[in-house]
Amino acid sequence: MTQPALAVKGLRKSFDKPVIAGLDLEVAAGELYALLGPNGAGKTTTLRMVTGLTRPDSGSIHIFGIDALADPLAAKAVTAWLPDEPMLYDKLTPSEYLGFVAGLWRIPPAEAAPEAERLLKWLELWDSRDTRCETFSRGMKQKVALAGALIHRPRLLILDEPLTGLDAAMARAVKDALRAAVDNGATVVVTTHILEVAERLADRIGIIGDGKLLAEGTLDQLRAQAGSDEMTLEDAFIKLTQAPQ
Amino acid sequence: MNWIMARLGPGGFAWLVVHELRLALRNRRRGTRSTWIGLVMLILFTGVGILAGLGLRGLPIEAGPAIHIGVLAASILLMSFMVTQALLRSQHTLYESGDLDLLLSSPLAPRTILRAKLCGIAASVVLSFALLLLPIAIPVAALGHPGLFGIVPLLAALALTGACLGLAITLGVVALAGPRAARTFGQILGGLLAGAVFLISQLASNGGEGRRSAAFSLFSWLRAHHIGDGGIPALPGRAALGDPVAAALLLGGATLIFALTSWLFGRSFLASYQKARMRLSRQRKATGAVARHFRAGLFASMFAKEWRLLVRDPALAFQIVLRLIYLAPLTLAALGHGRSSPLLPALAFGSVLIAGQLVGSFAWLAVSGEDAPDLLSVAPIARRQVERAKLVSALAMAVPFGLLLPIAIALKSPLGALVTMAMTAAGGAAAGLIEIKWQKPAPRKTFVRRRSGSLVSSILTLLASAFFGGIAAFAVWVIG
């Protein structure tokens with residue numbers, strides 16, 4: 001049996017009040033998993049705990065079998081994180097940014113430079129590779145950040161609202177990039193408010209609310225859990241998140 | 001302020017001015033600790049003012065050329081600071097404040113908005129100086145020298161003129177060289193104006209006439225050229241001593257400059273703002289392969305990143321290098337005047353002190369001013385390794401400056417230079433380590449105010465620099 005790309009068990013986190021209350025989640029390798037939930041449901045907190053940015057109060061996180069809490073560096077080596085606000089340096093150009101990220105992941109220049117060239121061309125950033133990011137639109141910045149996330153060929157790619165604020169063409173480019181990453185063997189976990197994206201892109205969808213996993217499965221399975229095979233994802237989402245816990 | 005605004009016609013000029021005054025007042029509020037320190041200082045200043053007032057009660061202050069020239073010299077210095085502040089406030093108004101979109105999309109004339117903004121800039125400028133001067137001047141005036149109430153209109157006239165000059169310079173540079181250059185130019189000019197007073201006074205004191213302050217140097221020059229003992233240049237002195245005609249003339253002149261500025265720049269203000277909202281950086285033609293930007297190893301990548309971020313922010317780089325102004329008088333003294341030997345220990349001490357400041361600044365930018373902390377947190381590198389790489393980067397960036405004074409010492413004492421270099425490196429490393437230990441994330445643009453963020457690190461850096469500087473000075477003195 002292959003190891004899951006991500007296995008979260010009994011995850012708990014409280015700030016002033018409990019945000020994540022015993023979350024269990026498993027994402028298979030090579031899967032595109034969409035995490036949905038109303039505002040404040042704990043999606044971003046969950047992902048920040050998986051990426052090592054926030055320490056959970058209790059629970060376990062395993063990434064490809066690596067205990068992310070016991071050996072965070074090994075887990076980070078195979079993971080990429082793309083938040084909704086791109087982690088960029090405005091004064092650097094895309095080429096320089098990719099060079100820096102490759103340095104952080106210790107990818108040898110001989111290996112990283114051709115990959116950077118491929119990514120810049122693929123994401124249509126090649127002509128802007130020597131222009132500082134401060135002049136870029138939000139969509140272009142998001143593409144640079146995506147290239148940064150992909151430069152070290154992560155096995156697990158985690159994205160928080162990657163399509164927020166993007167126009168249709170940019171959103172299509174990002175969606176294509178995610179699908180291509182999965183086709184190349186990567187696992188993608190993505191949160192989104194755009195249900196149509198989850199509906200069309202994801203292999204499986206998880207819905208969280210009040211810090212717990214409320215429902216999970218393919219679109220058909222979610223419809224069944226919501227009680228009707230004819231429902232749209234939007235209807236199913238509303239029904240599942242508003243149902244008494 | 002809210003009470004006044006509620007009673008004024010909404011959308012009118014006065015209403016908008018009160019709104020700007022409200023913003024100027026609220027921008028000054030920092031934290032509870034700063035407020036308490038400010039209050040204590042205010043009480044202390046007022047106490048000094050009352051004591052001075054009681055002491056001067058029976059003594060007449062007679063108007064005359066000397067006092068007029070003195071007030072003129074003080075006004076010129078005050079004006080240089082006010083223009084500096086106004087420049088920075090104008091930059092803030094055009095590039096950073098988020099309210100111009102709202103104001104310019106309202107049915108208010110851009111000229112009205114400009115006038116209100118000018119009043120806001122003048123208010124924020126006058127506040128700083130009023131808090132320093134008036135707690136002393138008002139008690140003296142109230143306790144027997146009512147003529148000194150004239151300082152109030154003088155201060156208002158200077159602030160209004162300074163605000164107009166600051167905004168005019170900013171808008172002029174935007175028109176001539178574009179918003180990007182204007183932003184950099186404004187910040188550099190602001191730093192230069194502030195540093196110029198120190199530099200001029202220090203250079204003057206090295207001229208063989210003993211140590212003199214900038215104000216005294218200016219006073220002597222004005223007196224030698226008979227400027228300020230009569231006519232228009234004497235107006236500030238006359239106004240400060242209670243001459244109502246002089247005060248009215250100065251206020252009238254400032255109002256005229258205000259009207260002229262808003263008339264001249266009413267249209268270009270909108271154009272400048274529209275330009276400023278456009279892209280501030282040039283689109284560069286892409287050339288060559290990307291491989292040149294890839295480096296092996298964490299330190300090389302980190303250094304390349306930190307170096308690029310610094311040199312691509314000229315205003316920030318300038319603020320750091322401005323600290324080297326303090327090196328100039330020391331270096332001049334060491335290299336000239338045939339009296340360098342006794343100064344070698346002072347040079348050694350200065351070298352460590354400057355290195356501590358520089359490395360501390362670079363380390364602050366690299367650690368606390370990190371733009372993408374999450375990127376470093378999700379990278380598979382231990383935090384300690386990242387911090388070590390940043391410390392080495394900060395030290396490496398300071399090396400060229402850290403070598404300046406040891407080279408000057410080497411001309412007289414090569415061994416002393418070696419000791420100084422070692423202590424400079426130790427002092428710099430200590431400053432960097434302290435900055436890392438007491439790091440406090442903050443945007444890079446708050447660099448100038450960073451010291452208010454960590455009082456502990458400031459004190460420790462100073463102590464460490466004094467310790468290693470003391471060793472260096474003592475060793476150089478012993479070596480001879």
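User: Is the crossing of α12(B) and α17(B) left-handed or right-handed?

Analyst: This is a predicted model, in which local features need pLDDT of at least 70 and side-chain atom pairs count only at pLDDT 80 or more, while totals for chains, interfaces and linings use all residues. Residues are numbered from 1 along each chain as its sequence is written, and chains are lettered from A and ligands numbered from 1 in the order in which they are written. A crossing is left-handed if the near helix is turned anticlockwise from the far one by less than a right angle, and right-handed if clockwise. For α12(B) and α17(B), the crossing is right-handed.

User: How many residues in the contact of α12(B) with α17(B) are nonpolar?

Analyst: Two residues are in contact if their C-beta atoms, placed from the backbone, lie within 7 Å, and among those that α12(B) and α17(B) bring together are B:Phe299, B:Trp307, B:Ala389 and B:Val392. Ala, Val, Leu, Ile, Met, Phe, Trp, Tyr, Cys and Pro count as nonpolar, Asp, Glu, Lys and Arg as charged, and the others, Gly among them, as polar. With two polar and two charged residues in this contact, the nonpolar count is ten.

User: Which element gives the most residues to the side of chain B that touches chain A?

Analyst: The two chains meet where 33 residues of chain B are in contact with 38 residues of chain A. On the side of chain B, the elements giving two or more residues are α12 (298-311) and α16 (373-378), where helices are DSSP runs of H or I of at least four residues, strands are runs of E of at least two, and both are numbered from the N terminus. By class, this side holds 18 nonpolar, six polar and nine charged residues. The element that gives the most, with six residues, is α12(B).

User: How many of the residues of helix α3 of chain A are buried?

Analyst: A residue is buried if 20 or more other C-beta atoms lie within 10 Å of its own, exposed if 12 or fewer, and partly exposed in between. The buried residues of α3(A) include A:Glu96, A:Gly99 and A:Phe100, and what covers them includes α4 (109-122) and α5 (138-150) of chain A together with α12 and α16 of chain B. Helix α3(A), residues 94-104, is largely enclosed by the rest of the structure, because its buried residues number eleven of the eleven.

User: Are α3(A) and α5(A) roughly parallel or perpendicular to each other?

Analyst: Their axes lie 9 Å apart and pack at an angle of about 30°, and the crossing is right-handed. The contact joins A:Pro94, A:Tyr97, A:Leu98 and A:Val101 of α3(A) to A:Val144, A:Ala147 and A:Gly148 of α5(A), with six nonpolar, one polar and no charged residues. From the angle, these two helices are therefore roughly parallel.

User: How many other C-beta atoms lie within 10 Å of A:Thr45?

Analyst: A:Thr45 lies in helix α1 (residues 43-50) of chain A, and, leaving aside residues up to four places away in sequence, it touches A:Lys13, A:Val19, A:Ile20 and A:Thr54. A:Gly211 is 166 residues away along the chain, yet the C-alpha atoms of A:Thr45 and A:Gly211 are separated by 9.3 Å. A:Thr45 is buried because the number of other C-beta atoms within 10 Å is 20.

Terms used
Axes are lines fitted to C-alpha atoms, for helices over the stretch in contact, and angles run from 0 to 180 degrees between N-to-C directions. Angles under 35 degrees count as roughly parallel, over 145 as roughly antiparallel, 65 to 115 as roughly perpendicular and the rest as oblique.
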